[in-house]
Amino acid sequence: MTTTTAGIVFIASLVIALGLAYRPIGDHMYRVYTSTRHLAVERGVYRLIGVRPDAEQPWNVYARALLAFSAISILVVYGMQRLQDRLFLSLGLPPVTDHIAWNTAISFVTNTNWQAYSGESTMGHLVQMSALAVQNFVSAAVGMAVAVALVRGFARRRSDTIGNFWVDLVRGTLRVLLPIAVVGALVLVAGGVIQNFASPHVVNTLTGGTQAITGGPVASQEVIKELGTNGGGFYNANSAHPFENPTTWTNWLEIFLLLLIPFGLTRTFGRMVGQVRQGYAILAVMVTLALLSVVLINVFELSGHATVPQAVGAAMEGKEVRFGVADSATFAAATTLTSTGAVDSFHDSFTPLGGMMTMFTMMLGEVAPGGTGSGLYGMLVLAVITVFVAGLMVGRTPEYLGKKIGSREIKLASLYFLVTPVLVLVGTAAAMGNASGLAAMLNRGPHGFSEILYAFTSAANNNGSAFAGVTVNTPWYDVALGLCMAFGRFLPIVFVLALAGSLARQAPVPQSAGTLPTHRPQFVGMVVGVTVVLVALTFLPALALGPLAEGLS
Amino acid sequence: MSTSVLEAPDRSPAPGGRVGGGLLDPKQLMASLPGAFAKLNPATLWRNPVMFIVEIGAASTTVLAILDPSVFAWAIVVWLWLTVVFANLAEAVAEGRGKAQAATLRAAKRDTTGRRLKSWTAGARTLEWDVVGAPELRQGDHVIVEAGEVIPGDGDVVEGIASVDESAITGESAPVIRESGGDRSAVTGGTKVLSDRVIVRITQKPGESFIDRMIALVEGANRQKTPNEIALNILLAALTIIFLVATVTMQPLAIYSKGQNPGVPDSLALDANGVTGVVLVSLLVCLIPTTIGALLSAIGIAGMDRLVQRNVLAMSGRAVEAAGDVNTLLLDKTGTITLGNRQASEFVPVEGVTGAELARAAQLASLADETPEGRSVVVYAKQEYGLREREPGELAHAEWIAFTAQTRMSGVDVDGRQVRKGAATSVMKWVRDNGGHPTGDVGHLVDGISASGGTPLVVGEVTGGTARVLGVIHLKDVVKEGMRERFDEMRRMGIRTVMITGDNPLTAKAIADEAGVDDFLAEATPEDKLALIKKEQEGGRLVAMTGDGTNDAPALAQADVGVAMNTGTSAAKEAGNMVDLDSNPTKLIEIVEIGKQLLITRGALTTFSIANDIAKYFAIIPAMFAAVYPGLDTLNVMRLHSPQSAILSAVVFNALVIVVLIPLALRGVRYRPSSASKLLSRNLYLYGLGGIIAPFAGIKLIDLLIHFLPGMS
């Protein structure tokens with residue numbers, strides 16, 4: 001098989017597998033979020049945290065619960081890192097420094113998993129398992145809860161409430177993420193991923209030096225890292241590390257896992273609003289954008305326009321030999337299209353245009369298919385903006401799924417859309433106009449700038465992957481990127497929940513021939529177009545001075 | 001007393017009733033120029049955030065150009081100011097049209113006086129009055145107005161009947177009849193009584209007359225932003241913020257990039273301090289949605305104006321927008337769907353009687369029937385059977401029996417023969433009373449006609465002591481031509497049409513089927529109408545209706561779009577949110593189209609505005625940065641002459657496109673009733689794809705012209 005054929009088989013088999021899993025996972029989540037029954041273990045949890053599971057919440061109460069939960073989570077994760085040396089299973093590691101601990105706490109609670117540290121040499125097993133891995137579950141469940149709340153906004157009529165945050169959180173964790181994670185972890189172990197509590201193993205290397213190899217509960221963390229679109233690796237090398245991702249087919253499985261829920265949620269959406277085809281339309285938008293970017297990254301990487309790749313015949317720098325160019329490119333597309341940020345190759349070493357595509361897919365707002373939940377709600381907000389402009393062109397007050405898009409709705413959608421570009425651009429500009437920001441740069445020229453742009457794009461969009469080349473564990477970057485992650489996560493969530501509340505209050509407008517149909521290819525094409533054009537217009541100046549300047553020279 | 005005859009405002013509805021456009025006269029542009037400059041005042045311009053930012057940009061580049069003058073900088077300054085002026089011009093032109101109309105209306109407001117009656121009571125024989133100025137009249141006052149006098153205020157006729165010249169407000173020179181009682185009692189201040197004498201009860205508050213409101217409306221004096229306009233403004237503000245951030249945050253990146261390439265000489269676009277102020281502002285102005293920002297308020301004003309041109313006054317812009325959203329149209333059968341009255345369409349004789357015989361009897365019996373139905377029988381007999389119309393006086397000794405609501409028959413007794421024509425039950429009873437026995441045949445005929453939605457009139461006679469039925473006249477509602485096509489269009493637009501009629505369900509159904517409406521409400525009372533509207537609205541639908549009577553008022557008030565006929569009562573005009581001065585119920589359909597056109601124009605120009613940005617980037621980014629990163633020259637796909645000419649071309653294009661689109665904004669984009677999908681496709685190609693391509697061509701063309709200017713290389 002040639003490289004290209006292998007790449008195509010890899011992508012095609014992924015598409016088929018995801019297609020097969022789409023309905024079962026989507027329908028399962030539909031049942032989870034609409035069921036009126038509570039499991040015994042769930043009742044126990046509700047009693048423990050003292051909530052009445054059958055009490056519905058208006059959007060502001062929902063948002064308050066979510067923010068309170070996240071704030072407490074940040075405190076807990078921060079505290080455990082700072083006190084790591086006094087807790088057990090610390091592997092003798094010292095407490096994490098304050099700014100890194102703060103940055104890491106926000107990073108994992110916001111589902112970003114930006115790692116300003118090297119996993120195996122900073123965090124002990126206890127912190128990895130009970131602080132970071134727990135957040136991998138619940139931060140994903142929080143994203144799904146917000147998405148489901150927004151969908152309820154569309155589905156409900158004249159309702160003041162959008163669900164119960166605690167119920168959505170607990171069900172998402174226990175009924176969706178945990179069962180899949182258990183099965184997935186076992187499969188990964190079978191595939192060669194390690195799962196132990198072994199002490200670091202010191203080996204002699206070929207060159208005569210020694211190296212400490214840390215074991216640990218990797219498989220259990222690896223599976224949720226992908227499934228919950230988290231991306232925070234046990235090891236610094238992330239999914240490029242052979243203990244995390246040993247073979248081509250574990251690589252395949254990891255991509256499958258990180259795409260499973262975000263795509264599946266479109267089915268859940270269709271079911272909940274009572275029109276499955278609306279879910280398919282959103283799915284089609286996501287798939288179109290995803291395939292475009294997968295193909296483009298593959299093309300840029302396989303054709304390798306930079307000097308070194310042309311010399312060696314392929315852009316192999318920064319890629320694992322066991323995966324090859326195509327599989328690495330596909331992983332890169334998947335991890336930046338979702339808010340995962342796990343990497344099995346180094347995006348910094350990609351061709352300039354390939355690297356630009358990984359940034360561009362994040363700049364899309366991570367909506368194709370995006371993070372668990374965050375992808376769906378981001379895409380629905382883009383659909384609302386599209387509907388507004390398109391709806392005017394058919395001569396009616398725009399409406400989506402029977403809900404009118406009036407000034408309040410467009411205000412919230414616009415605010416949502418404003419947050420991440422502003423964070424990315426202001427953050428990047430601040431770094432480039434600031435001595436602490438510039439001092440951390442290890443590279444110069446457009447590539448050095450690209451690395452900074454990537455860092456802020458990744459943080460603000462809650463991706464978590466990184467171009468290397470920037471010393472980010474400095475107080476300035478930890479604070480700046482930490483703020484980007486926090487604002488990039490919670491401001492949009494509040495706007496989405498407010499939007500959900502405002503939509504839920506409306507009585508739906510019946511559909512007619514004069515209503516803009518939102519399930520046809522025409523609409524799918526429009527959402528794709530609006531998304532790409534808006535993002536391109538916003539980021540073109542920045543991209544021009546970074547990857548474009550590098551790639552076109 | 002002022003009795004000046006007013007010149008009617010020039011109104012020329014587009015042929016075929018399709019929503020057409022007004023014309024844009026270059027003279028109008030010139031006349032609006034002073035207004036456009038007056039609008040540069042920041043105290044008013046800030047209401048339009050997009051153009052306000054352009055003005056700030058223009059002002060700051062002016063300062064920069066003074067400090068560091070160059071041909072390039074000054075050229076940019078001039079065109080940035082022109083961008084703001086062009087935007088103001090669009091609004092001024094739109095307002096100018098309204099102002100002209102308002103001036104005409106003001107003439108009708110000239111000081112009139114009225115004869116105020118002292119203690120008028122119905123039927124009073126002696127009348128006493130004093131002459132007072134129109135502003136002194138209060139609600140509830142009674143005034144007497146005679147031929148040649150101008151009615152001093154809005155009110156209802158409480159006594160008398162008169163012909164009134166309403167051309168001052170409707171532009172229609174034919175006089176109309178106004179009479180007490182019924183649905184034609186409302187009169188408008190400023191109109192002139194041509195004949196007879198009426199007593200009018202004033203219903204307006206001083207200074208709030210219909211004409212006052214009309215003036216305020218067409219001038220746009222208290223124009224409120226409509227909900228949709230507000231929403232669009234929010235989106236435009238958000239886009240402006242994004243581009244503001246994108247432009248401002250570019251500066252540190254530009255400084256860094258320039259610093260990385262110390263060998264590159266400073267240029268007018270980029271120096272060690274980053275992108276120069278003039279270029280940065282140019283980029284910002286090119287990116288923010290200036291096209292739609294400039295034209296948005298003009299579109300709204302022009303939308304109202306298009307209604308005024310069609311003699312419809314909308315009390316609020318909100319109502320016009322709601323018209324575009326309407327899901328259900330309630331249309332009165334009579335006058336809207338059918339021609340005024342039923343007409344004879346067939347004579348069906350019973351066995352043993354010829355058609356001609358029946359026709360002759362029917363004609364004879366109808367000669368004394370002055371109702372429209374009666375007249376139509378005579379006309380039909382003449383058309384189909386060649387029977388000459390005879391005057392009742394022609395037949396000697398004839399005793400004419402006129403139609404009354406009690407007998408429900410008309411006829412004639414002549415030479416021992418009695419002929420009657422009328423409601424089936426009445427005539428059959430009359431035949432039986434005279435000893436005749438109508439055959440079962442008659443019953444079948446009558447039922448058959450009823451079932452087909454027609455109205456049967458039975459013709460009977462008594463000659464030589466024998467009474468018999470001769471046959472049945474088939475009266476039929478005549479559906480106006482082209483209504484079916486109109487309703488099919490409505491269906492394609494997603495609008496349901498419901499016919500309202502007082503007829504029985506059978507008749508109603510037949511007419512509904514023939515006209516092609518989606519549904520009907522038979523034997524409708526005002527309460528039924530109101531209930532129907534409420535039911536539709538509960539399902540989330542928006543309802544439009546027309547009405548004229550006082551009993552329509554609750555329904556008019558409840559409907560989302562309530563169009564009151566100008567001939568109607570004051571109560572109806574008060575309740576509706578639009579008034580049709582022509583009193584043409586069919587116009588509701590045009591109103592809906594204008595509402596849709598208004599929204600489409602906004603959406604199309606927004607799309608166009610955003611699509612334009614792509615080309616501008618291709619012009620400006622290489623112009624700014626190709627010096628430091630030569631690879632970026634690949635983006636200069638238009639092969640523009642120099643960085644300066646590229647940036648100036650983009651700015652000039654950005655300004656000129658506003659002027660080019662003013663006529664479109666005033667006229668509205670072309671609208672053809674069709675499904676949402678088709679409309680969207682068409683507008684996407686035209687304004688989306690067109691919006692991407694047009695600036696590439698436009699900027700290149702401008703570049704070809706201006707690269708000869710000094711300072712462009």
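# Salt bridges, a helix and a sheet

Visitor: Buried or exposed: which holds for A:Glu244 and A:Lys225?

Guide: Relative accessible area decides, with a 1.4 Å probe and protein chains only: buried is under 20%, exposed over 50%, partly exposed in between. A:Glu244 and A:Lys225 are both buried.

Visitor: What kind of model is this?

Guide: Residues are numbered from 1 along each chain as its sequence is written, chains are lettered from A and ligands numbered from 1 in the order in which they are written, and side-chain values use heavy atoms, without hydrogens and water. Local features need pLDDT of at least 70, side-chain atom pairs count only at pLDDT 80 or more, and totals for chains, interfaces and linings use all residues: the model is predicted.

Visitor: How many residues apart in sequence are the parts that A:Glu244 and A:Lys225 tie together?

Guide: Their side chains meet in a salt bridge at 2.7 Å, N to O; the term needs a Lys or Arg side-chain nitrogen within 4 Å of an Asp or Glu carboxyl oxygen. A:Lys225 lies in helix H8 (218–227) and A:Glu244 in the loop between H8 and helix H9 (248–272) of chain A, so the bridged parts are apart in sequence by 19 residues. Helices (H or I, at least four residues) and strands (E, at least two) are DSSP runs, numbered from the N terminus. The separation asked for is 19 residues.

Visitor: Which residues form the salt-bridge network that includes this pair?

Guide: The structure holds 38 salt bridges over all chains. The network links A:Glu222, A:Lys225, A:Glu226 and A:Glu244.

Visitor: Why is H13(A) largely enclosed by the rest of the structure?

Guide: H13 covers residues 352–363 of chain A. Its buried residues pack (contact: heavy atoms within 4.5 Å) against helices H10, H12, H17 and H19 of chain A. The helix is largely enclosed because its buried residues number 12 of the 12.

Visitor: Which are the edge strands of the open sheet in chain B?

Guide: The sheet has 7 strands with mixed pairing, in the order S10-S22-S21-S20-S11-S18-S19. Strands pair if DSSP finds at least two bridges between them. Each edge strand pairs on one side only; they are S10 (312–314) and S19 (519–521).

Visitor: How many bridges join S20(B) to S21(B)?

Guide: S20 (residues 543–547) and S21 (residues 561–565) run parallel. B:Gly547 stands opposite B:Ala564 in S21(B). The bridges joining the strands number 4.

Conventions:
Expected span 1.5 Å × (residues − 1).
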